[in-house]
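Reader: I am new to this structure and would like to learn how to read it. Could you take me through it slowly?

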Amino acid sequence: MRSQPSGRRGTIGHPYSALNLRLVLALFGAVSCAVLGVFAALGGIIWAAVILSLLAVVAIVDTVVVFRRRAARHREQPGRRFSLFE
């Protein structure tokens with residue numbers, strides 16, 4: 001797996017997406033949707049709990065994808081540190 005999907009805009013020098021920022025946002029979305037889903041289920045609002053649970057699962061899948069791309073980026077450029085917005 002490469003850090004940049006083939007056929008996408010962006011290069012190693014100018015990435016397609018800010019992976020670290022995307023990781024932070026995905027983790028925040030997963031945690032907040034999971035917590036709000038539990039509260040909705042406890043409050044008896046089942047439809048909201050289901051929707052929030054699905055959103056939490058999507059955020060977790062996005063987190064896994066970002067971790068894999070970050071690992072590929074570190075294999076391509078070992079020893080380099082990346083900021084939150086790279």
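Reader: What should the 31 residues of helix 2 span at 1.5 Å a residue?

Author: Helices are DSSP runs of H or I with at least four residues, numbered from the N terminus, and the expected span is 1.5 Å times one less than the number of residues. Helix 2 should therefore span 45 Å, and its end C-alpha atoms are 45 Å apart, which agrees. This is a predicted model, in which local features need pLDDT of at least 70 and side-chain atom pairs count only at pLDDT 80 or more, while totals for chains, interfaces and linings use all residues. Residues are numbered from 1 along each chain as its sequence is written, and side-chain values use heavy atoms, leaving out hydrogens and water.

Reader: Which residues of helix 2 are buried?

Author: Buried means under 20% relative accessible area, exposed over 50%, and partly exposed in between, with a 1.4 Å probe and protein chains only. In helix 2 the buried residues include Leu-52, Thr-63, Val-66, Arg-69 and Arg-73, and what covers the buried residues of this helix includes helix 1.

Reader: Where is helix 1, and how many residues does it have?

Author: Helix 1 covers residues 19–42, has 24 residues and reaches 34 Å from its first C-alpha to its last, close to the 34 Å expected. Among its buried residues are Leu-19, Leu-23, Cys-33 and Gly-37, and the buried residues of helix 1 pack against helix 2 (46–76), where contact means heavy atoms within 4.5 Å. After helix 1 comes Gly-44, whose phi is positive, near 85°.

Reader: Is Val-35 buried or partly exposed?

Author: Val-35, which lies in helix 1, has a relative accessible area of 40%, so this residue is partly exposed.

Conventions
Helices (H or I, at least four residues) and strands (E, at least two) are DSSP runs, numbered from the N terminus.
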